[in-house]
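Biologist: Hi! Could you walk me through this structure in plain words?

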Amino acid sequence: MSRTALRICPLCEATCGLTLTVDGTRVTAARGDRDDVFSRGFICPKGASFGAVDSDPDRLRAPLVRRDGELREATWEEAFDAVAAGIRPVVERHGPHAVGVVLGNPNVHTVAGALYPPVLLGALGTRSLFTASTVDQMPKHVSSGLLYGDANAIPVPDLDRTDHLLLIGANPLESNGSLCTAPDFPGRLKALKARGGTLTVIDPRRTRTARLADRHVAIRPGADALLLAAMAHVLFEEDLADLGALAPHVEGVEELAAALGDFTPEAVAGACDVDAATIRALARELAAAPTAAVYGRIGSCTVPHGTLASWLVDVLNILTGNLDRPGGALFPQAATDKTPRPAGPGRGFALGRWRSRVSGHPEAKGELPLSALAEEIDTATDAGEPVRALVAVAANPVLSAPDGDRLDKALDSLDFMVSVDPYLNETSRHAHVVLPPPPPAQSPHHDFAFNTLAVRNQVRYTRPAVPLEPGRMAETEILARLILAATGMHGADPAAVDAMVVEQTLGKAVRDPHSPVHGRDPRDLAAQLTGENGPERRLDMMLRLGPYGDGFGVRPEGLSLQRLLDRPHGIDLGPLRPRLPQPLKTRSGKVELLPDPIAGDLPRLRAAMDRRPAGLVLVGRRHLRSNNSWMHNIPALTGGSNRCTLHIHPEDAERLGVRDGAAVRVKGAGGEATAPAEVTDTVRPGVVSLPHGWGHDRPGTRLTHAATVPGTNVNQLLDGSLLDPLSGNAVLNGVPVVLTPVT
């Protein structure tokens, strides 16, 4: 007999509410939840395929442990015994930094991935942390840290109220949005136009989003920061800069004007391949709009000046008075945020507190570049021990990081590796132990990360739609046991991890004069927590201590877990509101418009005005039915437009003798690959495009469908040497390549 159950979709950043049809213990259908307070029934092809993702027969059902060189099924006890025996000797002989931790993108899509990796890192004490952020979004974290003193204070465009939206390097009609959580992004853009607003898209490809725009500017890849700097220059030159109510909260305006003096539209036009008149028009239109927001994403992050481009996005919002005002770009307030503190100077944000052992890359936000992982494993230096053991949680860097071939070999040289992953994929196949989490229908869901980036304040929580199958272990328990095994407490009750976090958090809260529980007994507070398990008790604690919380009875109308459970479609907390200066944690207590690291990198950008790529350059692209390398094993999500083809403009195809559908060899600094050509004028001349996340042709995996349509690993064309120096982010776009037809 079938029934329905609610679930928040974990398959992209839009966080849409789903209504699942469940037959027994199997999800047979998924549709949008019309009563969801945020998504209002919207669903995309990924969400509609939830059941197929959930029931993929290639998902691992039991742990794997390597014995005699082969991965074989084992009990959970045997698996965690092996983890403890593999990691602890490395720590004891070589120190904590010899243990690397790699966190993949799916961590921010699960309750377990949000709650437990910080505990693991704190308990291990390792500085060898590598995450997907440094092939994706680290420039935005760094620019926010430098501007606002907090790397996680990321303003998002107020999509539902803005009059003018400028997108650069973003294609939300395919990606559903990123660092901007917005169910039905396409519908919100159409609503913008319907109310008389303007949409401008800057992108070297004529994407689905660009086709919707009032103005599409086909910029030369990698020139994003130059164009944005020239727009800011125009605002100063033509006396269009007007900070309005922001002015008391901002310092460095005059210094910024001087620093951008050389970036005239005429000076950057050649490098951008955008004429000066268009650049001036973009700036004037932005300044003239009643409200406006500039939003940049992965295309403007994964370029040589990614941090400068991310910084300049916010600079334009600030100079036009659009930061922190309705219709502009505002700071969301998530229900599980920490208790807001009064405004005032903070500790600020620092880069380079330590450096990588081999190439000396500075850390950013506690992370080292994922591009440096291979050399940190396979290269000996006098600067310290190489990474000898690796903990990979929901990560597939063999496909997602540059030069996967080198990393492939490096992983084989590790003393020990444990992978938390539902699949035996291109990375986890190297592990000594694989710990598979259950399918998403058997897990709870709350968006800890994405609610901090949401275009409307709201809060939702769904319990598992389906009970755990016999033999499965909850992902929260897997990570709790992993923490215990890796830190010398193997065999302890996994509930002790949650109890420790609750004790520490409440102990700190009662000592904080700004907390609603200041001066109270933490044991009494802990006894009031509700929930079926440790993770739910932690969620209850965070909600009650948060900005909308009940403060453990101080505000009876406030949030708690029980109140959230009583509202299964979520609780709407209202539109984004101005919050400055409260979010600022800079040493000055103000927005620091021209931080020293930014000023120090501007000469490098200035030098880029004189550079022109001589041949073809490569950019990536996104597909609506894909999310990195996760979903290529689902037949319903591959095929059609979601194919690994090389997009090439007809003029370039004719010049090079490339025929539509024929194989073409692409060579970059890191290697070469072959892909079928797709001749299309959706890319500008001089640009070719390959999608990210493909390359499922390595032996030893268990990805049956993906292996039949393996595609090409675009990151193998890169050698990992090209990084944005401030953030350590890999340069994936605008890189030179050479094409030859395969005869």
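Modeller: Happy to! Let's begin with a term: a salt bridge is a side-chain nitrogen of Lys or Arg within 4 Å of a carboxyl oxygen of Asp or Glu. This is a predicted model, in which local features need pLDDT of at least 70, side-chain atom pairs count only at pLDDT 80 or more, and totals for chains, interfaces and linings use all residues. Residues are numbered from 1 along each chain as its sequence is written, and side-chain values use heavy atoms, with hydrogens and water left out.

Biologist: How many salt bridges does a search of the whole structure find?

Modeller: The search finds 41 salt bridges. One of them pairs the side chains of Asp36 and Arg460, at 3.0 Å from N to O.

Biologist: Where do Asp36 and Arg460 lie?

Modeller: Asp36 lies in the loop between strand E3 (26-32) and helix H1 (45-48), and Arg460 in the loop between strand E18 (456-459) and helix H19 (475-486), so the pair ties together parts that are 424 residues apart in sequence. Those labels come from DSSP runs, numbered from the N terminus: helices are H or I with at least four residues, strands are E with at least two.

Biologist: Is Asp36 buried or exposed?

Modeller: Asp36 is buried, with a relative accessible area of 3%, and Arg460 is buried at 3% as well. Buried means under 20% relative accessible area, exposed means over 50%, and partly exposed is in between (1.4 Å probe, protein chains only).

Biologist: What does Glu363 form a salt bridge with?

Modeller: Its partner is Arg353, and the closest N and O atoms are 2.9 Å apart. Glu363 lies in the loop between strand E14 (329-330) and helix H16 (373-378), and Arg353 also lies in the loop between E14 and H16, so this pair links parts that are 10 residues apart in sequence. Glu363 is buried, at 0% relative accessibility.

Biologist: And what about Glu678 and Arg643?

Modeller: Their side chains meet in a salt bridge at 3.4 Å, N to O. Glu678 lies in strand E24 (residues 671-679) and Arg643 in the loop between strand E21 (616-619) and strand E22 (646-648), so the pair ties together parts 35 residues apart in sequence. Glu678 is partly exposed at 23%, and Arg643 is partly exposed at 39%.

Biologist: Which residues are linked in a network of salt bridges?

Modeller: That network links Glu237, Glu238, Glu266, Arg280 and Arg284. In general, side chains of opposite charge can pair when their charged atoms come close.

Biologist: New topic! Which residues gather in a patch of positive charge on the surface?

Modeller: Those are Lys338, Arg347, Lys508 and Arg511. A patch is made of residues with over 30% relative accessible area and no salt bridge; like charges are joined within 9 Å, and nonpolar side chains (Val, Leu, Ile, Met, Phe, Trp, Tyr) within 5 Å. Accessible areas come from the Shrake-Rupley method with a 1.4 Å probe, and for residues only the protein chains shown count as cover. Lys and Arg count as positive and Asp and Glu as negative, while His and the chain ends are not counted. The place of a charge is taken as NZ of Lys, CZ of Arg, CG of Asp or CD of Glu.

Biologist: Where is Lys338 found?

Modeller: Lys338 is in the loop between E14 and H16, and it is exposed at 72% relative accessibility.

Biologist: Can we talk helices? How many residues of helix H6 are buried?

Modeller: H6 (residues 138-148) is mostly covered, with 11 of its 11 residues buried. Among them are Met138, His141 and Tyr148.

Biologist: What do the buried residues of H6 pack against?

Modeller: They pack against helix H14 (298-301), helix H15 (306-319), E20 and helix H24 (596-607). Contact here means heavy atoms within 4.5 Å. Just after H6, Gly149 takes a positive phi of about 85 degrees.

Biologist: Which peptide bond is cis?

Modeller: A cis peptide bond joins Leu580 and Pro581, with omega about 5 degrees. Pro581 lies in the loop between strand E19 (571-575) and strand E20 (591-592). Most residues other than glycine have a negative phi, and most peptide bonds are trans.

Biologist: So what is the phi of Arg40?

Modeller: Arg40 has a positive phi of about 55 degrees although it is not a glycine. Arg40 lies in the loop between E3 and H1 and is exposed at 55% relative accessibility.
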